[in-house]
Amino acid sequence: MVTDLLGTTAAEQRESAISTRVAELEERLGDPTDPANPLGHATLLLADRAAVPFAAGEAALDDVGLAAEYVPEALGGRLTGIDRLVRVMRPVFRRDVGLAMGYGGTTFMAASDVWMTGTPEQQRWVAGLLLSGRKAAIAQHETAHSNDYVRSQVAARRTPDGYVLSGGKQMINNLGRAGAVVLFSRTDPEGGSRSHSVLLLDPAELPPGQAVVVPRRTEVGLRGCQFASVEFHDCPVPGSALLGPEGTGIETALRSFQISRTVVSAMAVAAVDTTLRTAAHAADVRSGHWQQSRPERNRAEAALAGAFVNLLLYDSLAVVATRALHVLPAETSVYSAALKYLLPRVLTETMYDLSTVLGSGLYTQDGTLGIFQKHIRDVPVLSLGHAGSVACQATVVPQLAWLAKHSWFADPEAPEALFQVRGDVPPLDYGPLALACGRDSLTASLCATAERIHGLSPAERALRGYAEQLVRELADLRDRVLALESAGHQAGLFPLMDRYALLLAAAAVLGVWHTARQGGDPFLAEPAWAAAALHAVARRLGSRVADLPAECLTRVRQEVQLRFAAQSSYDLYNTPVPG
């Protein structure tokens with residue numbers, strides 16, 4: 001263990017740097033509920049209503065040099081880990097999903113392909129663009145084919161000087177102001193796994209009239225993002241634009257999805273954090289003004305507690321999937337897809353559940369309540385497109401039979417580092433990212449941790465019972481998968497994605513809880529939240545399980561109120577938040 005002269009370890013120094021950076025962003029952005037704050041809800045809602053980028057917010061992010069967070073340290077930036085990036089971006093997502101995606105979310109998605117497969121020259125060029133405040137765009141999506149990105153109709157025909165592009169791409173964020181565009185295109189008309197390639201384009205070098213940008217109409221969600229389409233008309237590009245070897249586009253996309261799915265899905269937790277805080281504020285105001293009967297207050301408290309548990313459940317898998325990119329990179333194809341798959345099923349559903357607390361306040365378009373409606377429009381958009389639910393199923397379902405035969409109940413459990421909310425991680429290495437590896441250490445941890453729960457309190461006994469039930473659910477899932485595979489009914493595996501993703505989330509909860517007991521957040525070390533989360537998973541799976549002990553629900557409700565009063569985030573990091 002390396003320490004400095006003061007005895008501080010490298011891991012402690014890294015955590016201090018991340019916490020300081022997050023606090024710096026929170027301070028710069030200020031209290032979003034303050035009407036006088038030029039970066040608050042009032043101003044950003046005006047920009048959203050006008051369907052324009054939140055200019056004051058982007059200027060503030062420029063001031064703090066946020067673009068450096070997307071650039072690897074070796075290229076002059078601050079990117080030292082995906083876990084750091086997610087934590088630093090959450091203050092932005094907490095305020096405005098559109099600002100976060102428009103300013104840097106899609107820029108990082110594009111740049112990530114360059115960091116993974118680009119030449120040193122390409123990497124230096126993109127790094128320079130980002131560090132100078134420019135944006136990058138990624139063009140994979142085609143509305144005609146939605147999740148089936150392999151049917152891309154943009155063709156790149158080989159010529160002696162490079163390629164000639166024809167066809168169109170739609171719904172590209174930041175296309176009109178991008179200094180670089182990562183384009184997914186078909187280079188082999190015959191099809192197959194080597195039919196597509198990735199090109200890195202400089203829009204300023206494209207001949208006028210042969211690459212035509214067409215602005216899109218305003219969308220319902222992410223109204224501040226500048227989506228546009230591009231139509232290529234025999235547009236020449238140089239051979240040096242090729243990003244990675246020709247024919248590796250599908251592999252590049254599938255590997256880069258593991259990063260983009262994880263990052264965007266993990267950042268989205270912060271937006272739901274805001275909706276929970278907004279609902280808690282509304283419930284607090286009504287309770288203080290005696291506008292609610294006791295049964296109404298009970299229902300509001302139950303909704304808030306349920307949302308908090310769902311947020312912790314989802315964030316447990318988000319933290320694990322993020323850290324897996326560093327700790328278990330070969331296994332992340334499954335974990336990243338499961339996380340993205342659960343986004344509409346857990347986060348979006350949670351926001352709709354919270355809307356019952358607001359009542360008619362849900363329709364408010366201004367002020368503190370107005371941000372709730374904005375988030376409920378914006379967050380679902382994150383689960384659409386080329387990395388949507390069907391694409392996530394297509395990633396995991398082909399691996400289920402192998403995992404059921406060779407991995408579940410056979411592989412060793414995941415290392416403890418996977419579950420450390422604030423622990424150090426190895427450097428990010430793109431090399432081991434695999435399309436499939438045949439291992440699942442996370443479900444092995446579900447089985448191993450279930451055997452270690454020996455407490456005698458009602459909460460611990462309940463946690464042990466729920467964990468054991470979920471281990472049985474995993475065994476049942478294995479039997480179902482093997483039966484379908486044996487019968488040749490592969491299509492029947494798709495509905496089982498729901499069950500598998502939820503079991504992975506439950507395994508993540510148990511791992512985070514068990515690791516926190518070794519030293520971490522005192523609340524996360526308690527069994528109450530973990531029991532509540534596993535109870536929620538069991539109920540979603542249709543299992544018959546014992547009722548959640550009253551002490552668990554009481555403790556969860558208490559934590560909701562404590563964090564609201566202390567102005568702390570509702571995610572696993574429990575960090576100070578203004579407003």
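Reader: Where does leucine 548 lie?
Author: Keep in mind that this is a predicted model. Leucine 548 is in the loop between helix 17 (527–540) and helix 18.
Reader: What is leucine 548 in contact with, leaving aside neighbours within four places in sequence?
Author: Tyr466, Ala531, Ala532, His535 and Leu553.
Reader: OK, helix 18 then. How many residues, and how far does it reach?
Author: Helix 18 (residues 550–566) has 17 residues and spans 24 Å from first C-alpha to last, close to the 24 Å expected.
Reader: Which residues of helix 18 are buried?
Author: Cys552, Arg555, Val556, Glu559, Val560, Arg563 and Phe564.
Reader: Why would residues three or four places apart point the same way?
Author: Because an α-helix has 3.6 residues a turn.
Reader: What comes just after helix 18?
Author: Glutamine 567, with a positive phi of about 55°.
Reader: Switching topic: at what angle do helix 10 and helix 12 pack?
Author: About 135°, with the axes of helix 10 (residues 332–358) and helix 12 (residues 389–406) 9 Å apart. That angle makes helix 10 oblique to helix 12.
Reader: Left-handed or right-handed crossing?
Author: Left-handed, as helix 10 passes helix 12.
Reader: Which residues meet there?
Author: From helix 10, they include Val334, Tyr341 and Arg345; in helix 12, Cys392, Val396 and Leu403 are among them. By class, the contact has seven nonpolar, five polar and two charged residues.

Note on methods
Residues are numbered from 1 along each chain as its sequence is written. This is a predicted model: local features need pLDDT of at least 70, side-chain atom pairs count only at pLDDT 80 or more; totals for chains, interfaces and linings use all residues. Side-chain values use heavy atoms; hydrogens and water are left out. Axes are lines fitted to C-alpha atoms, for helices over the stretch in contact, and angles run from 0 to 180 degrees between N-to-C directions. Helices (H or I, at least four residues) and strands (E, at least two) are DSSP runs, numbered from the N terminus. Angles under 35 degrees count as roughly parallel, over 145 as roughly antiparallel, 65 to 115 as roughly perpendicular and the rest as oblique. A crossing is left-handed if the near helix is turned anticlockwise from the far one by less than a right angle, and right-handed if clockwise. Contact means heavy atoms within 4.5 Å. Ala, Val, Leu, Ile, Met, Phe, Trp, Tyr, Cys and Pro count as nonpolar, Asp, Glu, Lys and Arg as charged, and the others, Gly among them, as polar. The expected span of a helix is 1.5 Å times one less than its number of residues. Buried means under 20% relative accessible area, exposed over 50%, partly exposed in between (1.4 Å probe, protein chains only).
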